Amino acid sequence: GAGCLGLYGVYDGHCGKDAAESAAMDLHRAVLSELEALAVEAQTAGGEALSPEARTVARTAAIQKAFLAHDASYLARAREESWYSGSTAVVCLLSSGAKLTVAHLGDSSAFLARRVVAEPATKTKAT
C-alpha cells in the first residue's frame with residue numbers, strides 16, 4: 001500500500017532472540033500502517049502534491065513513528081513475559097519512482113552496492 005513496492009528488514013538480536021523475532025513478525029506491519037495513514041492524510045488534504053523532498057521527510061517520519069510504536073509494544077510485552085533481549089534493525093523501503101528509504105536502529109548499518117562500489121546507505125551518529 002501507499003506506493004510501497006517492497007519492505008525489507010534485518011534484525012540482529014542480543015541477549016536472546018525475542019526482540020529480533022518480534023521485529024521480524026510485527027515491525028513491517030507498523031511501517032506499512034504508518035505509510036497507509038500518510039497516504040490517506042495526503043488524499044484527504046486535497047491540496048497540492050508534496051514535493052519529492054517533502055515526501056522523503058514524510059516517509060522518514062512514518063518509519064520513525066513505526067519504530068517507536070513497535071518499541072513501545074514490544075517493551076510492554078517484554079515486561080509481561082520477562083524478556084530481556086533487544087535488537088538492532090535495518091529496514092529498507094522501496095517506493096514507486098525507484099525511491100529507496102533506509103532506516104536503522106542501533107549499530108546495524110546498510111550499504112548500497114552500485115556496480116562494484118559499496119556506499120553507506122545509513123549514517124551512524126557519534127555518541
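A residue counts as buried when its relative accessible area is under 20%, as exposed when that area is over 50%, and as partly exposed in between. L94, with a relative accessible area of 31%, is therefore partly exposed. The model in which these values were computed is a predicted one.

L94 is found in strand 2, which covers residues 86-95. Together with L5, Y8 and L100, L94 makes a nonpolar surface patch of about 410 Å². Residues in such a patch must have over 30% relative accessible area, and L94, at 31%, is partly exposed.

The protein as a whole contains 2 helices and 5 strands. Read from the N terminus, the order of elements is β-α-α-β-β-β-β. The C-alpha atoms fill a box of roughly 50 × 40 × 30 Å along the principal axes. The protein has 127 residues, and 26% of them count as buried. Its accessible surface is about 8700 Å², and carbon and sulfur atoms account for 56% of that surface. Among contacts between residues at least 6 apart in sequence, 60% join residues at least 24 apart.

Helix 2, residues 52-81, holds R59. R59 is buried but has no salt bridge. The nearest side chain of opposite charge belongs to E53 and is 10 Å away. The side chain of R59 does have polar contacts: one of 3.3 Å with the side chain of T56, and one of 3.1 Å with the side chain of T101. Apart from neighbours within four places in sequence, R59 is in contact with L35, L38, L93, S95, K99 and T101.

Salt bridges do occur elsewhere, and the count comes to 4. Side chains of opposite charge can pair when their charged atoms come close. One of the bridges joins E34 and K65, with the closest N and O atoms 3.8 Å apart. This pair links distant parts of the chain, since E34 is in helix 1 and K65 is in helix 2, 31 residues apart. E34 counts as buried because its relative accessibility is 18%.

Another bridge is formed by K17 and E21, where the closest N and O atoms are 3.8 Å apart. K17 is exposed at 55% relative accessibility, whereas E21 is partly exposed at 40%. R114 and E119 also meet in a salt bridge, with an N to O distance of 3.7 Å. R114 is partly exposed at 48% relative accessibility, and E119 is partly exposed at 33%.

Most residues other than glycine have a negative phi. C15 has a positive phi, near 60°, and is not a glycine. C15 sits in the loop between strand 1 (4-14) and helix 1 (18-45). With a relative accessible area of 69%, C15 is exposed. S82 is also not a glycine, and its phi is positive at about 60°. S82 lies in the loop between helix 2 and strand 2 and is partly exposed, with a relative accessible area of 46%.

Y84 is placed in the loop between helix 2 and strand 2. Y84 is exposed, with a relative accessible area of 70%. Although Y84 and G16 are 68 residues apart along the chain, 7.4 Å separates their C-alpha atoms.

How values were computed
Residues are numbered from 1 along each chain as its sequence is written. This is a predicted model: local features need pLDDT of at least 70, side-chain atom pairs count only at pLDDT 80 or more; totals for chains, interfaces and linings use all residues. Side-chain values use heavy atoms; hydrogens and water are left out. Patches are made of residues with over 30% relative accessible area and no salt bridge: like charges are joined within 9 Å, nonpolar side chains (Val, Leu, Ile, Met, Phe, Trp, Tyr) within 5 Å. Accessible areas come from the Shrake-Rupley method with a 1.4 Å probe; for residues, only the protein chains shown count as cover. Helices (H or I, at least four residues) and strands (E, at least two) are DSSP runs, numbered from the N terminus. Buried means under 20% relative accessible area, exposed over 50%, partly exposed in between (1.4 Å probe, protein chains only). Lys and Arg count as positive and Asp and Glu as negative; His and the chain ends are not counted. A polar contact is a pair of N or O atoms within 3.5 Å; within protein, one must be able to donate a hydrogen and the other to accept it, and residues adjacent in sequence count only if both atoms are side-chain atoms. Contact means heavy atoms within 4.5 Å.
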